[in-house]
Every structure is written in structure tokens, then in C-alpha cells.
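Here is a short tour of a two-chain model for someone who likes to know the cut-offs behind each term. Please keep the structure open beside the text.

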Amino acid sequence: MLTTEIDPEGVALVTLDMPGRSVNVIDWAFAQALDGAVTALAADGRVTGVILASGKASFIAGADLGIMPALWAEGVTAGEAAARIRRIGDVLRRLERLGKPVIAAASGMALGGGLEVMLACHSRIAAHNDRALFGFPEVTLGLLPGAGGTQRLPRLIGLAPALPILLGGAPMGAEAALEAGLLDALVAPEELIPAARRMLAEGRVPAQQPWDRKGFAMPGPAVGSAEGFADFIAANAAVAQDPGPAYPAPGAILSCLYEGLRLPMDKALMVESQYFGQLVTGPVARALIGLRFDARQRLARLGVRPEAGDAAEACAAAMAAEAARMVAGGIPAARVVNAALAAGIALAPAPTGEATQGAEPLPASELQALARQLLVAGALAAAGAARAEPGHADAVDLASVQSGFPAWTGGPLAMIDRAGAAAFAAEAEALEFAVPPAVAASGGRFHIEEEIA
Amino acid sequence: MGDAFIFDHLRTPRGRGKPDGALHEVTPLRLATTVLGALRDRSLPDTALVDDVIFGVVMPIGEQGQCLPRIAALAAGYADSVAGVQVNRFCASGLEAVNVGAAKVMAGQTDMVICGGVESMSRVPILSDGGAWGADPAVARATQFVPQGISADLIAARWGYDRAALDALAAQSHARAARAWTEGRFAGTVVPVRDGLGEVLLAQDETVRPGTTAADLAALRPSFAAMGAAGFDRIALTRYPDLAAIPHLHHAGNSSGMVDGAAAVLIGSLEAGAAAGLRPRARVRAFAEIGSEPTIMLTAPAAAAEKALKRAGMTARDIDIFEVNEAFAAVALRFIEALELDPEAVNVNGGAIAMGHPLGATGAMILGTALDELERTGKATALVTLCVGAGMGVATIIERV
């Protein structure tokens, strides 16, 4: 998967080309191969510099999500998951401490772990092409860049510019990546490797990361400065509102920054991996990956997306009706609305009522209980409209999330599946809901889980 | 247990805490030496009778850092034996300093102590010391942190104070402070701050605007709406979910001003006072500190007052006058409502909305204001309290002797 060619000037061109795949991804085999390559490059006295390139039209698409189940398998603790993910991070740390200049030459897209590999190189260039995307989509899957991304990006471009990239998850085009400082240069596609060779020959690629130099200071205000203090206060509030407290990843990313950016890199990477371990072993990452990756993959393989608008509408209507029923039963309308918002539920229509004077503070658990009742109502309605048709459960989950059911659950049917049909039916009955036969009939398996290739 | 007596107190005037403020050129150390020097000249020619200088300093960094009270005692020419310590309980630090000093006297572990505080907000800006609360994501999340302005607006929403009520209290603060100055009620207490040549830089509180009306204030724009929309309203509504929204009603005119200033209170045992030839003016009867729900943050003065009253074996009816720090108009309104007080007995000479809130010093300043008012009116008891960051409150009860 990794081939190394050493030219007479001592430049090693290391090309990643995973067999049998249209794109390169990060997995254990990659980590092992890169580890071996780093050892060989360090030992080889001929090698004066390294170009890390891809044999494909893109650089590295990201981590293979197929590695995740091993991290969240039953019995794997957050600490064990952290230790496992560090196997990848440790290789990247070895790469940047090779003692020889390393330049990443990206033929195209580098997302997530792919961008982390680039950030572990001493310089980064990319082919100028319209399809190339760069960014950290981990947050949208309930995760964080766990191989140094949260630590290297702000050390490279500063805290404030790093925040939207890490917290937003939206990828950017090549020119935006150059503008943001993720890339050092954009070159014509055919010029990619020659340009990398030139930069090495001209001594423009350092052999050490800025953060490993004595006296390193992050660009922009320091994390402990008054500006950094204000940045964190604002960012903490922003993520509390959007996506809200039901989503743990943005807060974990901010904690990685707050704690890690004051530390030397090796300790900082430990902190990052610990937060990653907590996220990957928690329920939300699994649900979001199930919804935003697995379900879409299954539907893509199926080739058609079954119509699920009716189920999604029933789900949203059931939540709104349940909210109205709560208000009719004497619960303040504002409490119902605020419980829904805290859980990321979009109620349409939201109930309205009189303002309450002298309102007492409520523990989060009371709001969560109300939100859970809304979710159960929505999920029961979605289950009632589910059809035993390939891909329908995935389509219902995706459509329901579009209609206001929160993504962190994985969707209404995935939520039932995860709880188990019997347990979910018991919970629903305890809340005095009528449970449709579809729930029991599902046997806890609305989704026919398939191995994702 | 012995008694702690107040023998004297004084303060600087409060200067606008901005670069155009009259005290901006004065270092916090010189604000402190101004009150220490004046107290020595007036009441304590032999400074060696004092054990310690306990000052509130809320931003104890930069030129306000390094245990400023000890350095100030040295710089003021006090005896080498006079120690110094800085305390920080956010906005109540000046009153906390008084309570700590009084407690040491009561315990017989100090004879005479100068308590008070100093803050140059124009030179060492508020929040410049950083800290975990609000900034550390794990802490912000767990404690549902919101800034104080949001908390003040949350108080107004929770108890239904409208903009007119808040602005009326603010206008009254200016009117009362202006009247107090006109009638010379602060004359015996406020020490002018002088420049290097001895010329007076400021002799009166700089931010009092006589003639301020509620109608004038009605034109000011709310200060915390953008902050609320950026996520803090959502956090507050998650804690207080029975509220539908948080109307943003506080603004620069009905919130306390940032100012520069210092205050000092001389406290000691009866014996130590007699040895120094001093007559006690008041006794520290009781005090208390308390924590409360941190998101609404600023309602603890009532609980702190009740705790101190209970400790003193008193009720609110036994108190002649009250000083509650006007951090925000809603704080004072809520305190009055919670204790069912006569508004005419609360902040009778104005408060921080008119005169400003020099964080480390305010508690000592309003204690002194209360004592002066008791003496002026021939009354006996006063309760002084401040709301404090992170949901705390501090209260102190004094009685004339």
C-alpha cells in the first residue's frame, strides 16, 4: 500500500495507494505500513527529505469508519479506546519527529484523518482542483479528530480560526484551505510532485514542527490570554445553543483545545485521545455514524431510497401532539419548548402559553424526561408507519431527522432498535402510550444490519 | 468570643474606570496608599499598632498583583511589622476583608487591623485575570455558566421587573447620591486623590449625574441582547425552563459603573482601640457568606442577609438601614422584595449605579456609607450585603455603640 522511491538527490517519494479501493483511508493496516515506512526512512542514510503523496485522485478520504466498531465494542473502556486510537496518533507523531523534512503533496481531498496526516508533515501543498476538499467532519459524526488534529490545527493557524473548522465540520475547497493556512501552496496537478521536490531542494521544508521548537508560541492570542478567555466563553455558549447539550463532541473538542493547547505536544495528544475515547465509546457517536454514514451507505448500495415522508410526518406530528397534550395536562408550555430545544427536538408547531412568574430552576434530568417522552411518541408513530421493505427503516430515520427528530438518537427506528423492542415497548407503556404491533414485530431489528464494505 | 469594633473608615472618590477617568493616571498602589496614609494621619499615628492590612483586590494581577496590601503598607510608610494580605471573593471582596479582619479580632488573634480594598478598573480591566469559570468547557457545561448581565436580566424575567422599574431605581440612585454629595454627607469620609505635585485630581465621585431621569435612561440600548442570542439565553432557559424568554432590560445606565477607587476600615478590639486613643464607632454584630444557584447568580444577598440575621438573633425588622450593592438594578429590587423591605431604608445615599463599583473596594465603601448614615440619623443598626459571582453572597451587620 505504501511504495517508496528514492531519487539520486535523496528525496524519498512515498506513495499511498490502497489496493482495491477508490480512495485511501486511515485504518490499522495504514498505520502499520506508515510506521514501517517511518522506521525505514529514519534508518536510510541516503534519505534527505520525504514527499508523502497519493496514488489516487484524492489524498486520503478520512478514517475508515469500519475501525470504529472495534473501538466501541462491548467491554471496551474509554481508556482502552484511547490507547487504540493512539496507535494512529503515535505513528503521526513519529513522522513529524523523523528529523528529516517531510512534505505532503495532496492530489485532492484530505478529510478527517487524511488532513491529520497532512498536518503531521512539515509542509503541505495540494493540486489545484475544484473537487478537492479539506476539513474535519468528525464533529458531525459525534467524534473529534483523534490523531492530533485538535492540537496541530490551532498550533498552525491560531485558536480563533481553528474553532469553526473543528466545530463546524464543513469541508472547504482548496483555495479556502490555502487562505486558512492549512496549505502552504496550490500548484497545477501535473506540477504537484515536481513542486514538492523543488521545495525540498530549496530548503523550504523544515525538518521540525514549529511546536517542537524551543520558545514556540501559537499564532494569534495565546489560549490563556484575555482574548483566548473570551473566545472560549463565546464558543462554550455557542455550542450549548447549537447543536446543544445532547451532542457531546463540540464540548469535547473545546476541552481538547482548552486543556491541550497549554501543554507540550506529547501530553496534549494524550489529552486528545482521552476525549476521543470517551466520545467513541459513548452512544451518540454510534448513533450519528449509524444515521449519517451507515444508513446512507446502505441506501446507496440499494440504489433507491424508499419513500418515507409519511412516516417522518407522522413522527413530527406525534411529537407536536404529545407536546400539546403535556401543556393541556398542566405543564408550562415554556418548559415543554425548552425541554425540546435542550434535546435538539424541533417541535412544529411549538406549544404556546402564559409566562410563568417566579419560575424555579429545574434539574436537567426533569427536562430530559420530558424530552424522552416526546421522542418515544415520535418513535412510536414512525414505527407504526414503517414498512418491511429494504431500506425503508433507513429512509424513515433520515427523513424523520429532517423533520425535527434529533440526529443524536440515530433516528426513531434506530432508537428503538438500540433500546431493544421489548424494553422500548415497556418504556412506552409505562408512559401510557399505545404501542403499535410493528414494534413488537420488529424484534428490535427495524434495521437489517449489514457489513459495510 | 471578643467583639470587633470599627474605629474609623474612609475612601477615595470613585473615578470613571476608563482612560478618560480622573483617576486613570493613579496606580492602584497609590489609590491604596492614599487611604492608608489618610487613615494614619487621622486616627493612627503609630502604625505599629496595626497587625495587618487585609484588602480585597479582584484582579490581583499585573500592577495589582504581588500581594498589593503589604506593598502598599510599606509604600505608605507604615511600620515594617504591618503585614498585608489580599482576598478575593469577587464583588464582595471589600466586605469579605472586613469580615475576615473582624473575625480575627473576635477570635483574639489580632488586635488591630485595616480592612478594605482597592481596584483600578481603568488600569487592570475586569476579567483580565482569566479563570476557569465560563472558559473551561467542562466547567462551563457542568455549571451552566452565563455572564452576570444575563443573570441580571434573568432575575428581571423571573420576578417580572420591567424596564421602567429598573430605570426608576437607577434614576433614584443618581438622585440620592447627588443629594448626599450636596448635603455633605460623604464629606467626613472621602479623601481627595492628588497627583504627584499634590494637586487634587478628584474630590467627588465622578459618575454621579444629578438630574438623571428614568426618561433619560429609557433611551439607552440593552447591553446583553447579543450575548443572550449567542447562546447564553438558551443556557439560562435550560436552567429556568418555565420562562419562555429572557427580555434584555439592563443597560449601562441601570447597571453599576466600572470605576477606580480604594477604601479602608480600621477594626480592632476595645482594648487595642483604647491603647491607640480611639473611640469605637460601631460593633460588627454578625456576618455570613453563602452560595446559591450559580446561573441566576445574583440573588444570594437575601439568603446571606437572612443567615447573618439568624446568627445575630435578629430579623430584618431589627435593622434600621440596608446597603445592597447595586451591581444591577434587578439585584436591589429583588433584595428589597425578598426581605419585604421599605425601599426608603435601602441605599439611602445612592449606590453603585450612580457612583460605581470598584470591585475590590465596594464592600468596604458601602459599609462605611451605612455607618455614616447611622450616625447622621441617630439610628443604630445596618446590614450591608453584596451579590457575588458564581452565586455567592456576603452580608455584615453592624450596630453603633
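Predicted model: local features only at pLDDT ≥ 70, side-chain atom pairs only at ≥ 80, totals over all residues.

Residues are numbered from 1 along each chain as its sequence is written, and chains are lettered from A, ligands numbered from 1, in the order in which they are written.

**The sheet of chain A**

Helices (H or I, at least four residues) and strands (E, at least two) are DSSP runs, numbered from the N terminus. Two strands count as paired if DSSP finds at least two bridges between them. In chain A, 6 strands make an open sheet with mixed pairing, in the order E1-E2-E3-E4-E6-E9. Strand E1 (2-6) and strand E9 (185-187) of chain A each have a single partner strand, so these edge strands are left with one side lacking a neighbour in the sheet. On average, neighbouring strands of this sheet are turned by 20 degrees against each other, direction ignored. Within the sheet, strand E3 (residues 49-54) and strand E4 (residues 102-106) of chain A are parallel partners over 4 bridges, and A:Val50 faces A:Val102 in E4(A).

Helix H1 (residues 28-43) of chain A lies across E1, strand E2 (11-16) and E3 of chain A, at about 20 degrees to E1(A). Here axes are lines fitted to C-alpha atoms, for helices over the stretch in contact, and angles run from 0 to 180 degrees between N-to-C directions. Two residues are in contact if their C-beta atoms, placed from the backbone, lie within 7 Å.

**Domains and chains**

An automatic or database domain assignment sets the domain bounds: chain A has domain 1 (2-281) and domain 2 (302-352 + 363-442). The centres of these two domains of chain A, taken over C-alpha atoms, are 38 Å apart. Between them, 5 residues of domain 1 are in contact with 5 residues of domain 2.

The contact between the chains takes 27 residues from chain B and 30 residues from chain A. On the side of chain B that touches chain A, helix H4 (137-143), helix H5 (148-159) and helix H8 (225-239) of chain B each supply at least two residues.

**A helix with a buried side**

A residue is buried if 20 or more other C-beta atoms lie within 10 Å of its own, exposed if 12 or fewer, and partly exposed in between, with C-beta atoms placed from the backbone. Which residues of helix H2 (residues 68-75) of chain B are buried? They are B:Leu68, B:Pro69, B:Ala72 and B:Ala73. These residues cover an arc of only 135 degrees around the axis, which puts them on the same side of H2(B); the arc is that of the directions from the helix axis to the C-beta atoms.

**Backbone details**

Most residues other than glycine have a negative phi, and most peptide bonds are trans. The table lists some departures.

| Site | Angle |
|---|---|
| A:Asp242 to A:Pro243, cis | omega about 10 degrees |
| A:Ala348 to A:Pro349, cis | omega near 0 degrees |
| A:Glu432 | positive phi of about 65 degrees |
| B:Leu127 | positive phi near 75 degrees |

A:Glu432 is exposed, with 7 other C-beta atoms within 10 Å, whereas B:Leu127 is partly exposed, with 15.
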